[in-house]
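Here is a short note to read beside the structure. Keep the 3D view open and find each residue as it comes up.

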Amino acid sequence: MAGQGTPAIVLLTRRKIAHTTHPYAVSPDAPNYGALVADALGVPPERVFKSLVTDVDGGLTVAVVPVTGDLDLKALAVAVGGKRAALADRAVAERATGYVRGGISPLGQRRALPTVVDASALAHPTVYVSAGRRGLQVQLAPGDLVALTGAVTAPIAAG
């Protein structure tokens, strides 16, 4: 069955968190990838979130923001009590999370990283995040996402 075996899905199943998986077919190298994923899923893009691994003052932090927006690095740093944030190196992000680019989930990461979910997620009954591999999203309540990741919520999306 699609999605079985990813650490994100195993975590959701083990914790008995209501969720549904949604496969899609979009090339990870396509321009406007996030908007294409939302279109493939048939949902508004503001409900589909991407997970970005960042470096805040020398420590890794996961930022979860809408796929069609950008991350406000200054707002992220403030949200975690830091001074400076930058996107982490791809290899570092993959090694820390256990996932590959285009499939990094905020759930079930190899090493639990501090996480900030954009506050806009709370405006939706459910949101979509990567299920831990390219071509698969998981839909769940934003409160469950925040609880499972130990996240804080803050306005970290730019524009």
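1. Start with one term. A residue counts as buried when its relative accessible area is under 20%, and as exposed when that area is over 50%. Keep in mind, too, that this is a predicted model.

2. Apply the term to serine 130. This residue lies in strand β7.

3. What surrounds serine 130? Leaving aside neighbours within four places in sequence, serine 130 is in contact with Phe49, Gly103, Ile104, Ser105, Pro106, Leu136, Gln137 and Val138. One polar atom of the serine 130 side chain lies 3.2 Å from the backbone oxygen of glycine 103. Across in β8, glutamine 137 is the bridge partner of serine 130.

4. Now the sheet. Strands of a sheet pair through backbone hydrogen bonds, either parallel or antiparallel. Here 3 strands form an open sheet in the order β1-β8-β7, and the pairing is antiparallel. β1 (20-23) and β7 stand at the edges with a single partner strand each, so one side of each has no neighbour in the sheet. From one strand to the next, the twist averages 35°. β7 and β8 are joined over 5 bridges.

5. Which helix lies across β1, β7 and β8? The helix is α1, and α1 runs at about 25° to β8.

6. Next, the largest nonpolar core. This core has 29 residues. Leu12, Leu107, Val129, Val138 and Leu145 have the most contacts inside it. Several elements supply at least two residues each, among them α1 (7-14), β7 (127-133), β8 (136-140) and α5 (142-149). α1 gives the most, with 4 residues.

7. Not counting residues up to four places away in sequence, Leucine 12 touches Ile17, His19, Leu107, Val138, Leu140 and Leu148.

8. Look at helix α2 (residues 33-41). Its buried residues are Tyr33, Gly34, Val37, Ala38 and Leu41. Why do they sit on the same side of α2? They cover an arc of only 135° around the axis, which puts them on the same side. After α2 comes glycine 42, with a positive phi near 75°.

9. Compare helix α5. Pro142, Leu145, Val146, Leu148 and Thr149 are its buried residues. They pack against α1, β3, β6 (115-118), β7, β8 and β9 (152-154). Glycine 150 follows α5, and its phi is positive, near 65°.

10. Finish with threonine 97, in helix α4. Is it buried or exposed? Threonine 97 has a relative accessible area of 1%, so this residue is buried. Its side chain makes two kinds of approach to the backbone. A polar atom of that side chain lies 2.9 Å from the backbone oxygen of alanine 93. A polar atom of the threonine 97 side chain also lies 3.2 Å from the backbone nitrogen of tyrosine 99. Beyond residues up to four places away in sequence, threonine 97 touches Val53, Ile104, Gln109, Arg110 and Leu113.

Definitions and conventions. Residues numbered from 1 in each chain as written. Predicted model: local features only at pLDDT ≥ 70, side-chain atom pairs only at ≥ 80, totals over all residues. Heavy atoms only, no water. Core = buried A, V, L, I, M, F, W, Y, C linked by side-chain atoms within 4.5 Å. Buried < 20%, exposed > 50% of the residue type's maximum accessible area, 1.4 Å probe, protein only. Contact = heavy atoms within 4.5 Å. Pairing = 2+ DSSP bridges. Axes fitted to C-alpha atoms, helices over the stretch in contact; angles between N-to-C directions. Arc of directions from axis to C-beta. Polar contact = N/O pair within 3.5 Å; in protein donor to acceptor, adjacent residues only side chain to side chain.
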